[in-house]
Amino acid sequence: MNLLPLRLVFSHMLLLLALMLPGCAARPSNSQPSVAEEEDFNDPLEDTNRAIFDFNQVVDRNVLVPVAKAYRTVLPDPVRDSVHDFLNNLRAPLNFVNDTLQGDFKRAGQTFARFTLNSTVGVGGLFDVAGRWGQLPYHEQDLGVTLGVWGVPDGPYVVIPILGPSNPRDLGGQVAEGFADPWNILVTGNPWTLYWIPYVRGGVSGIDQRSRYIETLADIERTSLDYYATIRSLYRQRRAALIRGERENLPPPASFSRIDNPAAIVAGTNLAPRPALVSEAPNLSEVRW
Amino acid sequence: MTRRSALIAALVLIVGALAPAILAAADPAGVISNLGNRALEVLGKNVPPAQRVARFHELFRQDFDVPGIARFVLGRYWKSATTEQQDEFVKLFEDYIAIVYSSQLAAYSGETLKVTGSRADPEGAIVASEIIRPTGAPPVKVEWRLTDQHGTYKIRDVAVDGISMAVTQRSEFSSVIQRNGGQVQGLIAMLREKTGTAPGR
């Protein structure tokens, strides 16, 4: 499940946010190693985060959900699928680089094959032929995951206005990707004619993501005792799972016998050889825990 | 000789009659496929909500290690709770989970659960499964952690996409407790409210 429903890839906006949050990247992540018995949320900015979370909730309820619902109502399934597939295909160059940087050449090859197939047979990425008929499913990938695989700690949990849950590592990754994205580079050469393209892409991507989780997130919010804490846990576990590379797997059994947190599990398993995983992470659209 | 074969025949008959139940409990993959079959048939869309909650309770109690999960999700606060609080928490937790997940499962119709494999785990086994969707969407991969309790397997945790139900629940509950000044009573009060349970049940 992508818990970045509001993951808009505006490089300019992210740059702005990076400038707004200079303290975060510098803060050490494991600031309280002594409190072993305490559940480690790694959330020293919790009060601020909760305030931003509340603000995001207002925006979500009043703007994003209505827009996502309208999007889902107005456009038929095949059109929305094509939008989704097209956006995923645009991610291919960055995903390829990240697969390679992680030493996962099998998945890098898959990403390359997907991009080649979908861009040609799939009419510029509008149809995910590689995933549907080629047994080459899309996999979630980004620079934050790569940094995690390399052992970079996530740092404190932060909630970004509009964009939602993150941490310095993942946010830094997103900013860097905004600059490294070949499509963004392609259009920045023409600042007055094509500058809007990354914004539109970011906006549509956000609406696409949000429209996939309308019921799931509403259900989680309705049934949870502390929605903020639930989302925080889901985000951190999901990121940890992506870094483990065992996307559909349970966390290691150690999590059951002692008090710890997903980040610690990741830190421990990072040292172990990482099995290359072929299958795509299925979207957690109807199931939740 | 004849007595022995008669005995064997009797044994075979008895075992044959009991086999599905015994095998299901003794084989972790069997527990899951059995649960999947029953869950999807008793929790479907056409079942009235009250009945669905009741049936979920039944399945949850039968196949899940409810006291073990309750203890885990309370984390370090389990020890600081009084015996009465622990007992009430286990009851409320079961009710809460029934409400949360039976409403989730209500959305299912036409899905089937397929066990795709299992492997050993320090305290029992991990069973991998897929929820096959009638829409043709990619199957949802679900993993189950089971503990071996004197030859009977009970479910301890469920995960999708690397997100564990038990870890999520524990994280939320301990956040609630921390925000209530470290008092388990605060969590119990919230659970009572969510489940519509009068205090001192």
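The buried set in α6(A) consists of Arg107(A), Ala108(A), Gln110(A), Thr111(A), Arg114(A) and Asn118(A). Because these residues cover an arc of only 160° around the axis, they lie on the same side of α6(A). The face turned away from this buried side carries Phe105(A), Phe112(A) and Thr120(A), which are exposed.

Asp99(A) belongs to helix α5, which runs over residues 92–101 of chain A. The relative accessibility of Asp99(A) is 0%; since a residue under 20% is classed as buried, Asp99(A) counts as buried. Leaving aside residues up to four places away in sequence, Asp99(A) touches Asp104(A), Arg107(A), Ala108(A), Thr111(A), His139(A) and Gln141(A). With Gln141(A), the contact is polar and joins the two side chains, at 2.7 Å.

For chain A as a whole, the secondary structure comes to 15 helices and 2 strands. Of its 289 residues, 53% are buried. The accessible surface of the chain is about 12500 Å², and carbon and sulfur atoms account for 68% of this area. Among contacts between residues at least 6 apart in sequence, 74% join residues at least 24 apart.

Confidence in the model was also summarised. The mean pLDDT of chain A is 78, with 71% of residues at 70 or more. Over residues 1–37 the pLDDT is below 50, and this stretch has 79 contacts in the model beyond near neighbours in sequence. Residues 253–289 likewise have pLDDT below 50, with 117 contacts beyond near neighbours in sequence. Where pLDDT is low, predicted coordinates should not be read in detail.

Key
Residues numbered from 1 in each chain as written. Chains lettered and ligands numbered in written order. Predicted model: local features only at pLDDT ≥ 70, side-chain atom pairs only at ≥ 80, totals over all residues. Heavy atoms only, no water. pLDDT = per-residue confidence, 0-100. Contact = heavy atoms within 4.5 Å. Helix = DSSP H or I, 4+ residues; strand = E, 2+ residues; numbered from the N terminus. Buried < 20%, exposed > 50% of the residue type's maximum accessible area, 1.4 Å probe, protein only. Areas by Shrake-Rupley, 256 points an atom, 1.4 Å probe, with all protein chains shown as cover. Polar contact = N/O pair within 3.5 Å; in protein donor to acceptor, adjacent residues only side chain to side chain. Arc of directions from axis to C-beta.
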